[in-house]
Amino acid sequence: MTDRHTPEKDSAEFAAEAGSLWRITFAPATWAGHFLLCYTLFATGCAKGWPVGTVRHGLIGMSVLALAVIALIGWRAYAQWSPRSTGRIVNPRGDAEDRHHFLGHAGFLLAVISFIGVVFVTLPLLLLEGCR
Amino acid sequence: MTAMSRDPVTIGRGGPSRAIFAVFLLCTTLSACGDRQSTLNVAGEDAAAIATLFWVMLAGAVVLWLGMNGLFFYLSRVAPGAFPDRLVRPLLIGGGIVLPTVILATLLVWSLTMLPDQRAPDDGLRVKVTGEQWWWRVEYWPKGAEAPVVTANEIRLPVGSRTGFELDAHKVIHSFWIPALGGKMDMFPGRTTYVSLRPEKTGTFRGQCAEFCGASHAWMAFETVVLPPDDFEAWLAAEARDATPPEGDAARRGAALFAAEGCGACHTVRGTEAVGQVGPDLTHVGSRLTLGAGRIGATLDDFAAWVEHTGALKPEVKMPAYDHLSDGQLADLAAYLKGLE
């Protein structure tokens, strides 16, 4: 810890990154929401006798939307990480700038895994057509 | 299975040679299951697809295992020093993210495309199977039939055509599985599930309940007999007939005893006054290969043993043990039931 770090200064820097901390949860939250929507809506539709085709196509549309949202979140996180412009992939220093880039890095990786998760949950919608 | 192989502590104390012997013993025991109840003993189109998936996954797992251990060996013994980032990073991203994603996605797409085939429509025969505790109620619905041919605890199928199974359950969840013919399908009370099977070999294969359903779950099995189409048609026509009247004095005494003991309150023997629906239909029980849903064989002695020791053979079964009957009475009852062919 150097003299540059005072509790007051740290608090101000952490407050500045509060938005980034929230943003890194958005992609996994979209994945979780998509997962929940797919399973509950399809199961309810099958149990209640709703038209399966409509439910399926609606959920495929929701999947495309979820992928677009995650891609956007990932793109913004990548821009925050900015490994190309800074030339640094990892950000091990405990200063404000590194913290900002690091949260972008974490957000980007979470967006990647969320994207893959949504694709995996969508595959049964594409390949299995009925309720059975 | 010996007491020694059940006790891992004993194996450990016995040293490596005893452990190897125990594993060998286990393997030889398992090989006994190979003929009639193995997903690798492929006897149907659907089992073939599952076996192919299994072998591909096994081969892939072996390659991965060798690759990972080879890498560990290389990094720990051959080149234990630090590696430059430009080598490590592509290896981590490629091997840790891209490769598993591609492999899992490929396997997922492959297995998902297999699922509809396992539920393909039937070629004319539909069998309704209801899981009971702990036996199988079976109804054959050939194309155009207005009433089913009812039987229990044994399934016969024609080779070379696809049979559809409508599955249901009474009270608790069961699972319908004939490993040599195809995949398993759960059976739920109040909900009908569907699976279809297309056997490609004639023979007798063992089916087993694959979802824990109570005390005698392990004893809830059945025989599946795959027949040439003509033989199947002949069998189904015979199965649809009423029961054969008892022949011989012993069988006639057995029939009277069957009525006097109230067996007909739970069992149906078509063509007689026995119309009970609680237990398995016994109209042609004498032609079945097993008793008590695969519990024991179907000799005269087995019939007598089942009636006398029902609860001991199948814990918590609803049917009471008729152990008050004399040996002679049991023999008569067995003669009657065995004669119901």
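Phe73(B) is partly exposed, because its relative accessibility is 49% and the class of exposed residues starts over 50%. The model is predicted. Phe73(B) sits in helix α4 of chain B.

Phe73(B) belongs to a nonpolar surface patch of about 950 Å². Two elements of chain B give two or more residues each: α4 (45-78) and α5 (85-118). Helix α4(B) supplies the largest share, seven residues.

## Annotated transmembrane spans

An unreviewed UniProt entry places the feature "transmembrane region" at residues 50-75 and 87-110 of chain B. In the model, residues 50-75 of chain B are 100% helix and 0% strand, with end C-alpha atoms 37 Å apart. Residues 87-110 of chain B are also 100% helix and 0% strand. The end C-alpha atoms of that span lie 33 Å apart.

The size of an interface is often given as the accessible area lost when the parts come together. Here chain B and chain A bury about 1,100 Å² between them. Carbon and sulfur atoms account for 78% of that area. Arg89(B), Leu108(B) and Leu112(B) supply 36% of what chain B buries against chain A, more than any other three residues.

Twelve residues of chain B and eight residues of chain A take part in the contact. The number of salt bridges between the two chains is zero.

Side chains of opposite charge can pair when their charged atoms come close. Over all chains, the model has 15 salt bridges. In one of them, Arg162(B) pairs with Glu45(B), with the closest N and O atoms 2.9 Å apart. Arg162(B) lies in the loop between β4 (154-158) and β5 (163-169) and Glu45(B) in helix α4, so the pair ties together parts of chain B that are 117 residues apart in sequence. Arg162(B) is buried, at 5% relative accessible area. Glu45(B) is partly exposed, at 36%.

Asp46(B) also forms a salt bridge with Arg162(B), at 3.1 Å between the closest N and O atoms. This pair again links helix α4 to the β4-β5 loop of chain B, across 116 residues. Both Asp46(B) and Arg162(B) are buried.

Asp281(B) forms a salt bridge with Arg270(B), the closest N and O atoms being 3.4 Å apart. Both residues lie in the loop between α7 (249-260) and α8 (300-308) of chain B, eleven residues apart. Asp281(B) and Arg270(B) are both buried. Elsewhere, shared partners join Glu45(B), Asp46(B), Arg162(B), Arg198(B) and Glu200(B) into one network of salt bridges.

Technical notes. Residues are numbered from 1 along each chain as its sequence is written. Chains are lettered from A and ligands numbered from 1 in the order in which they are written. This is a predicted model: local features need pLDDT of at least 70, side-chain atom pairs count only at pLDDT 80 or more; totals for chains, interfaces and linings use all residues. Side-chain values use heavy atoms; hydrogens and water are left out. Patches are made of residues with over 30% relative accessible area and no salt bridge: like charges are joined within 9 Å, nonpolar side chains (Val, Leu, Ile, Met, Phe, Trp, Tyr) within 5 Å. Accessible areas come from the Shrake-Rupley method with a 1.4 Å probe; for residues, only the protein chains shown count as cover. A salt bridge is a side-chain nitrogen of Lys or Arg within 4 Å of a carboxyl oxygen of Asp or Glu. Helices (H or I, at least four residues) and strands (E, at least two) are DSSP runs, numbered from the N terminus. Buried means under 20% relative accessible area, exposed over 50%, partly exposed in between (1.4 Å probe, protein chains only). UniProt positions are given in the numbering used here, feature names are shortened, and annotations may be inferred rather than shown by experiment. Contact means heavy atoms within 4.5 Å. Buried area is the accessible area (1.4 Å probe) that two parts lose on being put together, summed over both.
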